[in-house]
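Look at the model below and turn it slowly.

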Amino acid sequence: MPAPADSDSIRARLDAIPAIGRIRDAAGSEPTYLVGGAVRDLLLDLDPAGIGNIDVVVEGDASALARELGGEELSGGRFATARATVDGAEVDLAGARTE
């Protein structure tokens, strides 16, 4: 198992993930959070260029962000989810919610 990455390298590795720049630009000031396997891969110091699936939680309208990225809504309502393909990566978006 690879050694965990140090905090200084995580930011640079985050920037190297395909689509991250476009997601940031499209989100603007709306808070968005990287979650799931991409976070695990960053912490394990795995190659960020190989991350082909990106999971993002949006504090706001996940469908609107997906449309901004050229994607589509998958389900609406309380469990709003959407998907877009950005720079070759599948980006799954979900609206933040409380249980």
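Six of the seven residues of strand 5 are buried, so this strand is largely enclosed by the rest of the structure. Buried means under 20% relative accessible area, exposed means over 50%, and partly exposed lies in between (1.4 Å probe, protein chains only). Strands here are DSSP runs of E with at least two residues, helices are runs of H or I with at least four, and both are numbered from the N terminus.

This is a predicted model, so local features need pLDDT of at least 70 and side-chain atom pairs need pLDDT 80 or more, while totals for chains, interfaces and linings use all residues. Residues are numbered from 1 along each chain as its sequence is written, and side-chain values use heavy atoms, with hydrogens and water left out.

What are the partners of strand 5? Strand 2 runs parallel to strand 5, and six bridges join them. In this pairing Val58 stands opposite Gly95. Strand 4 (residues 81-86) runs antiparallel to strand 5, again with six bridges. Here Ala84 faces Val91. Two strands count as paired if DSSP finds at least two bridges between them. Strand 4 and strand 5 also form a hairpin, with two residues between them. In that turn, Asp87 has a positive phi of about 50 degrees.

Now pick out Asp92. It is found in strand 5 (residues 89-95). Is Asp92 buried or exposed? At 18% relative accessibility, Asp92 counts as buried. Its side chain makes a polar contact of 2.6 Å with the side chain of Arg83. A second polar contact, of 3.2 Å, joins the side chains of Asp92 and Asn53. A polar contact is a pair of N or O atoms within 3.5 Å; within protein, one must be able to donate a hydrogen and the other to accept it, and residues adjacent in sequence count only if both atoms are side-chain atoms. Leaving out residues up to four places away in sequence, Asp92 touches Asn53, Ile54, Asp55, Val56, Ala82 and Arg83. Touching means a contact, with heavy atoms within 4.5 Å.

Arg83 has another link. It forms a salt bridge with Glu90, the closest N and O atoms being 3.6 Å apart. A salt bridge is a side-chain nitrogen of Lys or Arg within 4 Å of a carboxyl oxygen of Asp or Glu. Glu90 is partly exposed at 29% relative accessibility, and Arg83 is partly exposed at 37%. Elsewhere, salt bridges that share partners join Arg11, Asp15 and Arg24 into one network. Within it, Arg24 and Asp15 have their closest N and O atoms 2.8 Å apart. Arg24 is partly exposed, with a relative accessible area of 35%, and so is Asp15, at 40%.

How many salt bridges are there by this rule? The count comes to seven. One of them joins Asp45 and Arg13, with the closest N and O atoms 3.0 Å apart. This pair links distant parts of the chain, 32 residues apart: Asp45 sits in the loop between helix 3 (37-43) and strand 2 (53-58), and Arg13 in helix 1 (residues 7-15). Asp45 is partly exposed at 38% relative accessibility, whereas Arg13 is buried at 15%.

Finally, step back to the whole chain. It has four helices and five strands. From the N terminus on, they run α-α-β-α-β-α-β-β-β. Buried residues make up 31% of the 99 residues. Among contacts between residues at least 6 apart in sequence, 59% join residues at least 24 apart.
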